[in-house]
Amino acid sequence: MWRNRGKVIPILVAGMLTFSLAACGSSGQAADPSGGGQAPEAAAASETGAPEAEAAAEEEAAPAEEADTAAEKNGEIYILFTSDVHCGVDQGFGYAGLEQVRDTLEEKGYETILVDDGDAIQGEPMGTFTNGEAIIEWMNAAGYDVAIPGNHEFDYGTDRFLELAGKAEFTYISCNFTYKDEPVFAPYVIKEAAGRKIGFVGVTTPTTIRSSTPAYFQDENGEYVYSFKQDDTGEELYQAVQEAADAARADGAEYVYLVAHLGNEEACRPWNYVDVVSHTSGIDVVLDGHSHDTDQVVLKNKNGEDVTRSAVGTKMSCIGYSHISAEGEIVETDIWSWPNSDPAPELLGIHNKMGDLVEEAQVQLGKKLDGVVASTEVALQNLFEKELPLVREINPHIISGPPSPINSAVNMEGGAGQYRENDTD
Ligand SMILES: [Zn+2]
């Protein structure tokens, strides 16, 4: 049975605590082992070299699994996308609902491609306890085809993220994430469905360089070795996106989808989705994340052509889709929404592979969280607004922090406690 909400809520709150100590500890250490970064060459080689092989492997795997229910193909394609899942795999549609949607479309004869726009692996205790690995495993099981790093993919350190990317059975892409000026991942990948070549270009908000932990992007001397093409004018970013889009077209892509973690925020200028679209051409659709909005927008590119930008909120409250007809037209790009607190799999009684995987993992996690997960001798205070207490009691064992500049949350039992930074965006 799907976990009932009465159990989920305390577990989630308790989990917030766990992150605290981890976040505290790592940011307090100047010499984080992730700061050095020798892994990128290996990651780049395996990622940039692998897309075609991975695509082929995935395309073989999916039909084999559904051989007995395979419908006659109708020549149409649904590109499905998620964003800012932040480990919320049992909320909203959940990964079980995502599997159900995808299976239903394929049973009706559509071919599907599944894409994630970043910020998948951080935001709940399951991410914290496994340094992101549980979510990568679930994404593998869900059959994701393409993903990009969001800013929060780096929260466990850049070396750790690259290690996780090596475990991913889907393709990470990014046109603007570089190590010593070389791309860490392939800037784009082409996936084939219904006999059509679809180009996906990845782009990660350059604000990552400062919103994550800067040391994660520096060498042992404090020099930046990683970059997100964050020059103040935005030109470096626009150029990287344009070159990747042009290369995808030259490689035969009939369509170019920008898989973006850019968002709509003024604070992210000159790199938000409006900035990028208005300075580039050749992109048909932007599948966007980062700002957790659900805005569906049509705007002009630098040549005055229409570009659709779609966003899906956070925590699986929406599944995005872009529908390509048998005639090859992008007929609709929009979202399905489940914006309420009752998870769809629970209310609809969906039981499938992803539901079972997620439920089992959450049960195991719940057992871990039954005990005190960490302790500190340090009195926890709100450094930004001293008049606000850092902690307030919400039940005899769990204490969480008030909304504050760092949105701290604390779980204390017998003097043990921890806090974490806000996990939004
Ligand atoms: Zn983000």
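**Why those labels? A chat about this chain**

User: Before we start, what kind of model is this, and how are residues numbered?

Analyst: It's a predicted model: local features need pLDDT of at least 70, side-chain atom pairs count only at pLDDT 80 or more, and totals for chains, interfaces and linings use all residues. Residues are numbered from 1 along each chain as its sequence is written.

User: Why is Asp 84 called buried?

Analyst: A residue is buried if 20 or more other C-beta atoms lie within 10 Å of its own, exposed if 12 or fewer, and partly exposed in between, with C-beta atoms placed from the backbone. Asp 84 has 30 such neighbours inside 10 Å, so it counts as buried.

User: And what makes Lys 229 buried?

Analyst: Lys 229 has 23 C-beta neighbours inside 10 Å, so it counts as buried as well. Across the chain, buried residues make up 51% of the 425 residues.

User: What is the phi of Asp 84, and where does Asp 84 lie?

Analyst: Its phi is positive, about 50°, although Asp 84 is not a glycine. Asp 84 sits in the loop between strand 1 (77-82) and helix 4 (94-107). Helices (H or I, at least four residues) and strands (E, at least two) are DSSP runs, numbered from the N terminus.

User: What about the phi of Lys 229?

Analyst: Lys 229 isn't a glycine either, yet has a positive phi of about 55°. You'll find Lys 229 in the loop between strand 9 (226-227) and helix 9 (235-250).
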